[in-house]
Structure formats: C-alpha cells, structure tokens
Amino acid sequence: MDSEGALQLLRRAGLEITDAPDRGGHEEVSADQYLGGPTDTWALGAARTEQRFLRNQQLQLRGSFCSLCGHSFPEQLLVAAHIKPRSACSEKERMDTRNVSMLACLFGCDALFELGYVVVGESGVIEAGKPGAGQVKDRIEGLVGRKCLAHDEPSRGYFAWHRQAHFGKLIRQSPTTP
Ligand SMILES: [Zn+2]
C-alpha cells in the first residue's frame with residue numbers, strides 16, 4: 001500500500017472509531033457531535049481508550065490482581081489507576097504506561113489510593129494516608145502493612161510523588177503547626 005492509501009485508511013479509522021486517541025486537539029470532530037451538551041464525548045472516548053490500554057497492559061504484566069489488597073478479581077472489577085495523575089505527568093511520564101499506573105480493585109482500593117487515604121512507602125509497604133472514620137478506617141487498616149504489588153524500581157518515583165502530594169497536604173494541616 002502506498003503512503004496515501006495508508007493515510008486514507010488511518011483517516012477512515014479515525015472517523016469510524018469514536019474513541020480515537022488523544023491528539024491534543026478537537027479539530028477533527030464535526031459540530032454535530034457537540035449538539036446541546038457540555039459533555040466532551042470525544043475526550044471521554046479518548047480517556048476510555050487509554051483506560052482499556054493501560055488495564056490490558058497491566059493485566060498482561062501482573063495478572064488480574066489488585067496491586068493494593070492483593071486479591072484476584074475478574075478483569076472487569078479492576079481498573080488501571082494512575083499512580084501519578086495524568087494531569088501531573090510530563091509527556092515522557094505519560095508514555096511510561098507500564099510504570100505510571102497499576103491495577104486497583106473497585107472494592108475501594110482505587111478510591112482509597114486516589115484520595116490519599118493510603119500511600120505506598122519507600123520500601124513498597126502500604127501506609128495510612130489521611131485519616132478516615134468508620135468503614136473507611138476499617139478499609140485503610142485492612143491495607144496498611146501489605147506490600148503493594150506494583151511497587152518496584154521503575155515505579156518507585158511515581159509512588160513517591162503520590163506520597164508527597166498527599167503527605168504534603170497532611171503536614172500543612174497538622175495541628176502541631178503553629
Ligand atoms: Zn483491592
């Protein structure tokens with residue numbers, strides 16, 4: 001196939017696949033896809049595509065285990081959680097898909113990590129982050145002391161970023177601060 005033919009094929013695929021990858025602009029989206037609503041369906045599609053890619057990659061790398069609680073779950077109950085949020089990543093870090101994300105289960109681990117209720121220490125052991133009460137406290141205590149399955153040398157820096165991001169806030173809110 002010549003390059004023009006390949007280009008046409010790509011263009012056609014881009015138009016037919018609603019969740020095309022993020023190319024940093026909306027110029028290829030026709031106006032009728034935005035009618036009447038603020039929802040950016042195009043960006044949503046790109047996010048879903050990335051989520052599918054990250055999850056599949058992590059499943060192949062580490063199997064269908066939650067990196068935090070360590071339990072095995074059906075794939076649909078695991079999500080690819082960004083250790084360092086996409087918005088805070090450099091372009092190079094965003095491309096480091098193997099190490100910047102991990103699998104976390106939908107039974108609380110994903111949210112507890114994202115919200116900073118748990119963090120992962122320098123040695124890869126889960127530590128308590130911001131305090132929670134009741135059920136949240138119980139869940140946190142169930143994770144503290146476990147080894148995070150996704151912590152290794154290449155991902156260490158991302159966990160450090162997450163710890164710093166949440167502990168930084170906690171330290172500033174500490175009652176010992178005058
Ligand atoms: Zn879990």
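# Exercises on a predicted model

Arg-55 sits in helix H2, which spans residues 41–62. The model is predicted.

## Exercise 1: Arg-55

Decide whether Arg-55 is buried, exposed or partly exposed, and find which residues it contacts beyond its close sequence neighbours.

Step 1. Count the neighbours. Arg-55 has 19 other C-beta atoms within 10 Å.

Step 2. Apply the cut-offs. Buried needs 20 or more, and exposed means 12 or fewer. Arg-55 is therefore partly exposed, because its count is 19.

Step 3. List the contacts. Setting aside neighbours within four places in sequence, Arg-55 contacts Leu-78, Val-79, Ala-80 and Leu-103.

Step 4. Check one distance. Thr-97 is 42 residues from Arg-55 along the chain, and their C-alpha atoms are 9.9 Å apart.

## Exercise 2: Strands E1 and E2

Work out how E1 and E2 pair, and how many residues of each are buried.

Step 1. Take the pairing. E1 and E2 run antiparallel to each other, with 5 bridges.

Step 2. Find facing residues. Ala-80 is opposite Leu-103 in E2. Ala-81 is opposite Met-102 in E2.

Step 3. Look at E1. Of its 5 residues, 5 are buried. Leu-78, Ala-80 and His-82 point one way, while Val-79 and Ala-81 point the other way.

Step 4. Look at E2. Here too, 5 of 5 residues are buried. Ser-101, Leu-103 and Cys-105 lie on one side, with Met-102 and Ala-104 on the other, so both faces of E2 are covered.

## Exercise 3: Cys-89

Step 1. List the contacts. Leaving out residues up to four places away in sequence, Cys-89 touches Lys-84, Arg-94 and Val-100.

Step 2. The C-alpha atoms of Cys-89 and Val-100 are separated by 8.9 Å, and the two residues are 11 apart along the chain.

## Exercise 4: The largest nonpolar core

Identify the residues that touch the most other members of the largest nonpolar core, then trace the contacts of Leu-68.

Step 1. Name the residues. The core has 28 residues, and those touching the most other members are Cys-66, Leu-68, Ala-104, Cys-109 and Val-118.

Step 2. Name the contributors. Elements giving two or more residues to this core include strand E1 (78–82), strand E2 (101–105) and strand E3 (118–120).

Step 3. Trace Leu-68. Beyond its neighbours within four places in sequence, Leu-68 contacts Ala-104, Cys-109, Phe-113, Val-118, Ile-126, Leu-143 and Cys-148.

## Exercise 5: The whole chain

Describe the overall makeup of the protein and the confidence of the model.

Step 1. Count the elements. The protein has 7 helices and 4 strands. From the N terminus, their order is α-α-β-α-α-β-α-β-β-α-α.

Step 2. Take the burial. Of the 178 residues, 22% are buried.

Step 3. Take the contact range. Among contacts with a separation of 6 or more, 60% join residues 24 or more positions apart.

Step 4. Check confidence. The mean pLDDT is 82, and 72% of the residues reach 70 or more. Residues 1–27 have pLDDT below 50, and this stretch has 14 contacts in the model beyond near neighbours in sequence.

Conventions
Residues are numbered from 1 along each chain as its sequence is written. This is a predicted model: local features need pLDDT of at least 70, side-chain atom pairs count only at pLDDT 80 or more; totals for chains, interfaces and linings use all residues. Two residues are in contact if their C-beta atoms, placed from the backbone, lie within 7 Å. A nonpolar core is a set of buried Ala, Val, Leu, Ile, Met, Phe, Trp, Tyr and Cys residues joined through C-beta atoms within 7 Å. Two strands pair if DSSP finds at least two bridges between them. pLDDT is the predictor's confidence in each residue, from 0 to 100.
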